[in-house]
Amino acid sequence: MKLVSILGSPRKKGVTSQIARAFSTKAEEQGAQIIEYHLNTLDFKGCQGCNACKSKLDHCALKDGLTPVLEDLKTADITLFATPVYYWDVTGQFKCFMDRTWSLVKPDYQTNPDPVRLDRGKKAVLITSQGDVADKHRDVTQKYTGFLQMYGYDTHTIRACEMGMDTDERIGPFLDLAREKARELIVQ
């Protein structure tokens with residue numbers, strides 16, 4: 001089983017990254033092959049709106065640090081998408097990445113019963129973390145879960161609230177939840 005982990009936080013050891021790595025570590029213990037991408041270390045551009053992926057190509061026309069990430073999405077059994085909430089939305093790095101996933105959508109997506117270039121049966125785990133209380137920014141998780149479901153993913157979420165910048169004992173239950181979710185989703 002292949003797991004692709006996409007870390008959208010600029011902080012390699014931040015709350016979101018720690019929760020994502022708890023999932024990945026447990027998945028690896030269960031035999032999954034892990035490929036991790038830390039978006040902040042990649043050299044890439046956001047979507048250029050050229051629509052070449054709809055008119056003449058079946059992939060993004062840009063060749064940069066996201067090229068292998070987008071290709072790995074096609075072969076992954078499970079993809080882990082992780083981002084903190086910054087300023088009422090995902091990080092800029094994660095948003096630019098998500099914009100580039102437009103290339104995974106077929107030209108006739110509005111009428112095609114199979115609107116994306118990903119095989120069915122894939123799983124996604126969306127991990128978000130935020131410093132604010134749970135009543136705030138719920139729409140961020142809902143919006144990105146909706147995108148992933150549109151792409152055909154069987155989507156699971158972990159939402160860590162009231163985390164702040166520094167980790168403390170509050171992160172423990174979310175690390176446990178991530179490990180449990182990996183146990184549930186990794187099929188040997």
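How do the residues lining the largest cavity divide into nonpolar, polar and charged? Seven are nonpolar, four are polar and two are charged. Keep in mind that this is a predicted model.

Let's stay with that cavity for a moment. Rolling a probe the size of a water molecule over the atoms shows where empty space is left. Here the count comes to one cavity of 30 Å³ or more, and the largest has a volume of about 100 Å³. Its lining takes in 13 residues, with Cys47, Gln48, Cys50, Cys53 and Cys60 lying nearest the centre.

With those cysteines around, what about disulfides? The structure holds zero of them. Cys53 is in no disulfide, and its nearest cysteine sulfur, in Cys50, sits 6.4 Å away.

Now for the nonpolar packing. The largest nonpolar core has 29 residues, and Ile6, Leu73, Phe81, Phe94, Phe97 and Tyr153 touch the most other members. At least two core residues each come from strands S1 (2-7), S2 (33-38), S3 (78-86) and S5 (123-129), and likewise from helices H3 (67-75), H4 (92-100) and H5 (138-150). Take Tyr153: leaving out residues up to four places away in sequence, Tyr153 touches Leu73, Thr79, Phe81, Leu118, Lys122, Lys123, Ala124 and Leu148. Apart from this core lies another, of 24 residues, including Ile19, Phe23, Ile78 and Ile186.

Methods
Residues numbered from 1 in each chain as written. Predicted model: local features only at pLDDT ≥ 70, side-chain atom pairs only at ≥ 80, totals over all residues. Heavy atoms only, no water. Core = buried A, V, L, I, M, F, W, Y, C linked by side-chain atoms within 4.5 Å. Buried < 20%, exposed > 50% of the residue type's maximum accessible area, 1.4 Å probe, protein only. Helix = DSSP H or I, 4+ residues; strand = E, 2+ residues; numbered from the N terminus. Contact = heavy atoms within 4.5 Å. Disulfide = S-S within 2.5 Å. 1 Å grid on protein atoms, 1.4 Å probe; cavity = no way out; pocket = protein on both sides within 12 Å on 5 of 7 lines; lining within 4 Å. Points joined across faces, edges and corners; volume = space filled by probe spheres on them. Nonpolar A, V, L, I, M, F, W, Y, C, P; charged D, E, K, R; others polar.
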